[in-house]
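Me: I'd like to learn how to read strands and salt bridges in a model like this one. Can we go through it together?

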Amino acid sequence: MKSPPLHLSTPHIYSTIINRSYSLFHFMALIALLYYRLSSFLLQNPTLPYLLLFASELLLSFIWLCSQAYLWAPVSRTPLPQRLPENKELPAIDVFICAADPKKEPPVEVMNTVLSAMALDYPPEKLSVYLSDDGGSSLTLKGMREASAFARSWLPFCRRFGIKNRCPKVYFSSLEDDLIHSRSMEYEEEKEKIKKEYEKFKESVKMAEESEENAIDHPPAIEVLHDKSDKEIPLLVYVSREKRPHQPHHFKAGALNVLLRISGILTNSPYILVLDCDMYCNDPTSARQAMCFHLDPEISSSLAFVQFPQKFHNISKSDIYDAQLRTLFVIRWPGMDGLQGPILSGTGFYMKRKALYGNLPLKDVEQLKQSFGLSNDFIMSVHHINQHNLHDNKESSSKPFQLQEAQFLANCNYEKQTLWGKQIGFLYDSVVEDYFTGFILHCRGWTSVFCNPSRPAFLGSATTTLNDTLIQGTRWNSGLMEVAISRYCPFIYALSRMSLLQTMCYGYLALQPLYSFSLWCLATLPQLYLWNGIPIYPKVASSWFFIFAFVFLGSFFKHLEEVVSSGGSIQTWWNEQQIWMIKSVTAYTYGSIDAMMKWVGLRKASFVPTNKVSDEGKFTLYQKGKFNYQTSTVLLAPIVALVILNMVSLVGGVARMLVTGTWKHMFGQVFLSLYVVVVNFPVIEGMLMRKDEGSVPVSVSILSLILSLTFLYLGSIVL
Ligand SMILES: O=c1ccn([C@@H]2O[C@H](COP(=O)(O)OP(=O)(O)O[C@H]3O[C@H](CO)[C@@H](O)[C@H](O)[C@H]3O)[C@@H](O)[C@H]2O)c(=O)[nH]1
Ligand SMILES: [Mn+2]
């Protein structure tokens with residue numbers, strides 16, 4: 001008899017209809033617009049600024065076209081964990097947590113993530129938690145020892161009283177008890193006891209003295225903090241891989257690959273949960289939810305990973321920086337879920353170990369060694385994963401742990417001449433290892449699903465300053481651009497390997513950094529023409545004007561519709577417009593430049609981890625919805641200059657229009673400048689009306705004024 005499905009999938013029929021109808025109209029308008037531009041070129045030889053404008057319109061149209069793939073067939077999924085087999089039938093899971101820098105990622109917080117993962121609602125003998133410490137910090141190791149001790153009280157407490165908040169920090173700071181059973185005297189007593197233990201645990205982690213350490217130069221250090229002798233507590237392992245100054249370590253992807261190998265010889269679980277060190281488990285049932293997909297006979301064989309959305313515990317109501325990446329997780333990932341599956345998102349996913357081993361046709365041991373490296377134990381583990389039925393739950397014939405072998409696997413030379421990072425494991429060709437690894441998995445025919453339950457499965461810390469947001473955005477866009485200009489460019493590499501719609505989704509993100517080009521052109525050139533009184537858009541009341549207006553207003557209001565229909569507010573929509581423009585002129589621009597420089601060999605790849613310790617003052621500004629312009633001039637000047645340029649040309653253009661009476665011809669440009677000025681009102685406020693520490697420094701305003709006036713002056717000569 002066929003077993004019933006373990007999950008339900010519901011297509012979003014209503015939004016599919018709206019989306020497709022809108023796409024059709026918008027597409028026709030774009031064709032008309034491009035026709036208008038091309039035919040005008042036949043009448044008159046285009047000048048360079050004109051060609052740039054046309055190129056940016058063409059590029060925007062193409063990016064828009066790609067984005068329609070996300071809207072084509074969105075679905076949502078509901079796992080049905082009550083249908084899962086009994087505990088003893090469930091497959092084992094290895095949890096990988098990555099930490100890199102004890103200053104930016106305080107060990108107490110990292111240990112909270114570790115504890116929340118150990119406390120997942122899953123048979124403890126089938127759960128193993130590995131922490132990678134790229135900082136090689138004794139503080140983190142000490143923290144792990146303390147966490148391991150505290151877990152012996154924390155885990156039984158959570159299980160006994162059915163606690164839902166299994167991240168101790170959250171549990172002890174939340175005002176209401178999140179209990180399955182009602183409160184009892186016994187519970188209160190136990191809670192007090194555990195609370196004291198937690199305080200002691202916190203103190204001892206904080207007090208640990210940090211010795212002289214070198215995060216980029218240290219030998220491998222591995223410690224099993226808790227073996228499986230106590231069946232009630234998951235295995236806990238600390239791993240700090242070897243790092244040497246002149247050896248590339250490939251950042252997080254490199255760290256994950258070391259964990260993949262060490263866990264291979266230690267537990268070799270068929271499934272892996274990957275977490276960033278700040279992403280604690282907020283719902284202990286996520287493992288069971290994920291298994292509803294991995295064990296569902298309908299989809300299991302081709303399913304590589306179950307992605308949960310990234311959600312954050314520190315998002316303010318207005319979220320001015322769109323740190324929650326709303327569109328990604330609310331619109332795009334459900335959209336891709338109706339195709340081949342969402343993009344891998346770095347953290348909060350349950351991956352099938354086998355999928356990371358590269359679908360290689362491996363026959364003999366020699367070949368295996370060339371691909372996976374020289375460790376016999378590891379090769380055995382790969383063989384085991386490839387040969388055995390994943391849901392075969394017999395305890396694997398695990399050998400006693402060999403520290404030496406594990407250290408060998410954590411050596412920085414281990415991967416030399418192998419396929420690690422090229423075809424096996426998490427891939428190294430881009431700093432957005434998640435996007436790139438997921439992309440290659442989809443190219444190889446694997447699928448993924450998106451699971452977005454109402455109680456967030458994981459919660460992390462989002463960037464809450466403009467500075468952090470832009471630095472992070474620059475890294476992401478550099479990584480995306482790296483893929484776009486490599487031989488893996490989705491439009492070339494993926495077309496024969498995945499569906500057209502899935503290719504468009506990957507292509508959209510790969511092209512995202514190029515929004516910067518279009519934005520730079522459209523926020524400077526029409527303004528330059530306006531300043532000089534030269535019309536470049538059709539005159540109001542002509543039918544061509546209507547086409548331009550439709551394209552602009554269509555996108556503007558479609559975005560509003562998407563935000564509102566997915567539970568966002570008008571303010572969210574407006575914030576997204578604002579931050580999109582700021583990110584385009586900074587993060588997207590610098591990301592593109594960074595990738596190009598890496599490409600020609602002028603720069604090396606880098607991964608600056610984000611700051612997870614928030615500064616009270618800065619956080620208050622974020623919570624109040626006030627932009628914090630304390631950032632480098634390099635990041636701030638572009639947007640300030642752009643806003644000033646638009647203000648100047650708007651005033652100059654309107655004055656000229658009033659004198660000459662040509663408003664019908666110039667309306668398009670006036671409107672565009674006005675739009676840039678209005679959307680960037682917070683920048684103007686930061687420049688002219690604010691006096692607090694987060695306002696735009698006067699030096700930056702002056703520099704930006706000089707830049708924009710120079711542009712207008714030189715540009716007017718060229719025209
Ligand atoms: O050399 C490094 C650098 C970072 N990390 C870890 O990587 C994780 C993500 O770093 P973070 O500083 O939080 O960067 P984010 O930009 O917030 O990370 C997002 O973007 C990354 C890709 O750029 C993804 O890997 C992440 O999962 C995703 O959350 C953290 O746990 C770090 O400790 C390492 O292990 N080694
Ligand atoms: Mn992060």
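Me: How many bridges join strand β4 to β6, and do they run parallel or antiparallel?

Reply: First, some ground rules. This is a predicted model, where local features need pLDDT of at least 70, side-chain atom pairs count only at pLDDT 80 or more, and totals for chains, interfaces and linings use all residues. Residues are numbered from 1 along each chain as its sequence is written, chains are lettered from A and ligands numbered from 1 in the order in which they are written, and side-chain values use heavy atoms, with hydrogens and water left out. Helices (H or I, at least four residues) and strands (E, at least two) are DSSP runs, numbered from the N terminus, and two strands pair if DSSP finds at least two bridges between them. Here, β4 (residues 127–133) and β6 run parallel, joined by five bridges. Along that pairing, Ser128 sits opposite Leu235 in β6.

Me: Which sense does the pairing of β5 and β6 take?

Reply: Antiparallel, over five bridges, with β5 covering residues 221–226. In this pairing, His226 stands opposite Leu236 in β6.

Me: What about the two faces of β6: are they covered or open?

Reply: In a regular strand the side chains alternate between the two faces of the sheet. Buried means under 20% relative accessible area, exposed over 50%, and partly exposed in between (1.4 Å probe, protein chains only). In β6, Leu235, Val237 and Val239 on one side are buried, and so are Leu236, Tyr238 and Ser240 on the other.

Me: Now salt bridges. How many does the rule give?

Reply: Side chains of opposite charge can pair when their charged atoms come close. The rule wants a side-chain nitrogen of Lys or Arg within 4 Å of a carboxyl oxygen of Asp or Glu. The count comes to 27. One of them pairs Arg77 with Asp337 at 3.1 Å, N to O. Those two are 260 residues apart, Arg77 in strand β2 (residues 75–79) and Asp337 in helix α9 (residues 326–337).

Me: Why does Asp337 count as buried?

Reply: Because its relative accessibility is 3%. Arg77 is buried too, at 16%.
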